[in-house]
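Subject: Structure handover

Hello,

Here is the structure you asked to look at. Please open it first and read the notes below with it in view.

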Amino acid sequence: MEIMTNHGFRKTIKYLRALIFISLIGMICMLVLFLGILGYAKILGAPPLAVPQSTLFFADNGTLIGESNNGQKRYWVGMKDISPDLVHATISIEDKNFYEHHGFDFKRIAGAVIADVQAFSKVQGASTITQQYARNLFLEHDKTWKRKMHEAFYTIRLEMNYSKKDILEGYLNTIYYGNGAYGVEAASQYYFGKKASDLTLAEASMLAGIPKGPSYYSPLSSMENAKNRQKIILQSMVNNHYITKKAAQQPLNLVGVHTTQKVKVAPYFQDAVKNALKNQLHLDERTIALGGLKVFTTLNLKDQKAAESQVNQYVSNTSEIQVGLVAMDPKNGYVKAMVGGRDYEKSPFNRAVQAVRQPGSTIKPLLYYAALENGFTPSSTMRSEFTTFHFDDGTPDYTPHNFNNKYADGEITLAQALAVSDNIFAVKTHLFLGEGTLIETARKFGLSTKMNQVPSLALGTSGVRVIEMANAYSMFANGGKKVQPTLITRVEDYNGNVIFEKDNQKEKVLDAAKAFVMTQMLTGIFDPKLNGYAKVTGSTIVNDLTRPYAGKSGSTETDSWMIGYSPQLVTAVWAGYDVGKPLELTAEKTYAKNIWANFMEEALSGKPVKAFNPPKEGVIGVYIDPENGKLATDDCPIRRFTYFVEGTEPTEYCTDHLSHSDKGSAAKKKTKQIPWYKKIMPWGH
């Protein structure tokens with residue numbers, strides 16, 4: 001027994017010796033590795049304190065149109081020019097042991113790990129100021145382990161080669177404070193309208209809380225959140241003996257204005273591009289502003305200048321009317337021009353992208369496309385007369401009105417109803433198809449705003465965005481292909497690597513034949529042959545037009561619209577008051593049409609005149625009498641060449657203009673058809 005015991009004891013001693021030996025070897029290896037890292041860091045020397053690069057924005061021809069607001073280039077300040085209260089507040093809340101550690105706070109890391117394990121999620125951060133500064137100096141947009149290792153190594157190099165003062169100064173000049181303000185000087189100017197050296201304790205403690213969540217803790221976004229964060233910071237300053245409790249109460253005066261903001265090329269467009277970088281490409285705000293990106297956009301400088309020129313020309317300087325305009329290439333959705341308002345410096349709110357306004361009758365082409373899908377044709381007729389609609393389901397009676405309360409008091413065709421914008425025809429069609437049909441169709445055309453399933457929806461009473469309406473009409477212009485409003489074609493990082501490139505694959509969502517029939521009907525608003533009880537709605541601008549266009553105007557009590565296109569360009573224009581004030585002056589109601597017509601002519605100047613080409617199959621063109629939609633004879637005083645989906649063209653001849661003796665043989669007559677390309681200018685027949 002004693003022999004076995006001694007044997008076991010010796011065996012245990014042997015294992016312990018082996019374990020100690022292995023541990024020593026491991027410790028030596030770790031020490032060698034650590035010393036190797038330190039030695040390598042020492043050999044490399046001081047890392048360059050790279051100033052973040054501005055992101056550059058280019059037009060479609062490669063011309064530089066804008067540069068991101070790079071606060072560090074303009075506002076880098078030394079420690080002597082930063083309020084001590086801001087320095088103390090930042091250290092207290094971000095890294096209270098900043099002056100004691102060498103880049104990594106291991107006690108804090110251990111505490112954060114324990115807190116995270118207890119909460120089963122990441123609830124605490126442990127990054128020191130040096131680590132955060134190292135992160136700010138890296139411009140990559142990815143979040144990989146490789147980047148984290150680089151940041152850790154960069155932290156070591158910073159601590160080995162720079163003083164705590166240099167590191168703190170660099171951190172305070174590169175941290176993001178929200179609203180485009182990078183660095184303490186830019187943030188102080190933006191939030192409080194003063195230099196960083198002049199900040200009070202109250203201002204400094206509130207400013208120090210913003211970087212944790214710029215959109216959440218900004219006093220301009222939520223004063224409640226900002227004050228709650230400020231209380232935590234003030235208490236931490238008391239705990240760290242920077243202030244006394246008595247010093248915590250002081251007033252605040254917020255400004256919220258960049259003192260050096262300047263007007264730039266297409267400012268509304270550039271804002272929309274930055275928004276797309278953030279929400280569509282999912283780049284963070286710092287990368288967008290300071291990542292040294294090259295962003296190639298779809299903006300056409302000639303078109304943009306024309307758009308701004310026409311808005312300035314037609315809207316009176318004394319008027320408070322605002323304008324939203326979007327012009328895009330219907331083939332690919334590329335936005336060529338954008339006007340979001342009349343003065344960006346006074347109001348950066350983008351009415352072309354952000355505003356939701358009632359489209360009025362510009363919604364009718366979508367309704368009538370759905371009608372074509374359900375058996376309607378340009379010659380389908382309904383009565384236009386004063387009408388009150390009654391409903392059995394408890395819905396209140398509805399009495400729509402035509403413009404100036406004029407009605408045909410008889411049958412009119414769909415083609416004429418669209419050209420003169422008859423509201424009774426539209427509501428009857430809407431109710432016949434079912435109130436949900438227009439909503440489903442609007443989604444097919446890319447409209448994303450909420451729409452109410454009510455009779456008045458046919459008259460555009462549910463709000464839409466200008467850019468989405470331009471996109472919807474693009475689908476008519478391109479023969480039914482799905483496109484998306486596109487602002488960016490390519491993005492390169494600061495090293496020239498392509499991180500995004502637009503894919504121009506197209507998907508068919510509309511029937512090409514029906515889309516073309518709608519386009520040809522939309523040329524009718526410029527064709528006096530479709531005049532009836534009222535003139536066609538484009539009659540006031542037809543003399544300004546020199547090429548084939550299709551389009552639709554629309555108006556409500558507070559909104560004026562014109563949307564139209566050629567084969568090369570589609571443009572949507574809205575005009576109205578931001579506050580929803582009624583449009584009462586006659587001139588106010590003409591702004592949208594005049595801006596649209598003259599912009600299209602200027603933008604297309606020098607480009608070939610193109611017709612709307614019918615698809616190779618699926619449509620047929622015949623002469624009809626525009627009053628009744630029947631096949632026209634030589635006796636009809638007005639004959640209009642009209643396209644139909646093949647198989648839906650009228651077969652009955654017009655007999656309204658024949659003598660009684662001739663009516664019996666009228667059915668034997670055949671309409672004379674002529675090539676479509678001779679009839680591309682509807683107002684020229």
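An angle between two axes counts as roughly parallel under 35 degrees, roughly antiparallel over 145, roughly perpendicular from 65 to 115, and oblique for the rest. The axes are lines fitted to C-alpha atoms, for helices over the stretch in contact, and the angles run from 0 to 180 degrees between N-to-C directions. You will need both for the helix pairs below.

This is a predicted model, in which local features need pLDDT of at least 70 and side-chain atom pairs count only at pLDDT 80 or more, while totals for chains, interfaces and linings use all residues. Residues are numbered from 1 along each chain as its sequence is written, and side-chain values use heavy atoms, with hydrogens and water left out.

Overall picture

The protein has 22 helices and 16 strands; these are DSSP runs numbered from the N terminus, with helices being H or I of at least four residues and strands being E of at least two. Of its 685 residues, 53% are buried. Buried means under 20% relative accessible area, exposed means over 50%, and partly exposed is in between (1.4 Å probe, protein chains only). A contact means heavy atoms within 4.5 Å. Among contacts between residues at least 6 apart in sequence, 70% join residues at least 24 apart.

Helix 15 and its two partners

Two packed helices are described by the angle between their axes and the distance between the axes. How do helix 15 and helix 17 pack? Their angle is about 50° and their axes are 10 Å apart, and helix 15 and helix 17 are therefore oblique to each other. Their crossing is left-handed, which is the term when the near helix is turned anticlockwise from the far one by less than a right angle; clockwise is right-handed. On the helix 15 side, the residues that meet helix 17 are Lys 364, Leu 367, Tyr 368, Ala 370 and Ala 371. Their counterparts in helix 17 are Asn 423, Phe 425, Ala 426, Thr 429, His 430 and Leu 433. This contact divides into seven nonpolar, three polar and one charged residue. Here nonpolar covers Ala, Val, Leu, Ile, Met, Phe, Trp, Tyr, Cys and Pro, charged covers Asp, Glu, Lys and Arg, and polar covers the others, Gly among them.

The other partner is helix 20 (residues 512-522): its axis and that of helix 15 (residues 364-373) come within 10 Å and cross at roughly 135°. That angle makes helix 15 oblique to helix 20. The crossing of this pair is right-handed. Pro 365, Tyr 368, Tyr 369, Leu 372 and Glu 373 of helix 15 meet a set in helix 20 that includes Lys 514, Val 517 and Met 521.

Covered helices

Helix 17 (residues 423-433) is mostly covered, with nine of its eleven residues buried. Among the buried ones are Phe 425, Thr 429 and Leu 433. The elements that cover them include helix 15, strand 6, strand 7 (410-413), helix 16 (414-420) and helix 18 (435-444). Helix 3 (residues 84-94) has eight of its eleven residues buried, so it is largely enclosed by the rest of the structure. Its buried residues include Leu 86, Val 87 and Glu 94.

Three loop residues

Phe 376 sits in the loop between helix 15 and strand 6 (381-384). Phe 376 is buried, at 10% relative accessibility. Its contacts beyond four places in sequence include Met 382, Leu 414, Thr 429 and Leu 433. Phe 376 and Thr 429 are 53 residues apart in sequence and 9.3 Å apart in space, C-alpha to C-alpha.

Asn 350 is in the loop between strand 5 (335-339) and helix 15. With a relative accessible area of 4%, Asn 350 is buried.

Thr 461 lies in the loop between helix 18 and helix 19 (466-477). Is Thr 461 buried or partly exposed? Thr 461 is partly exposed, with a relative accessible area of 31%. Its C-alpha is 5.3 Å from that of Gln 358, 103 residues away along the chain.

Cysteines

How many disulfides does a search of the whole structure find? It finds zero, where a disulfide is a pair of cysteine sulfur atoms within 2.5 Å. Cys 636 is in none, and the nearest cysteine sulfur, that of Cys 654, is 3.6 Å away. Cys 636 is buried at 5% relative accessible area, and Cys 654 is buried at 1%.

Regards
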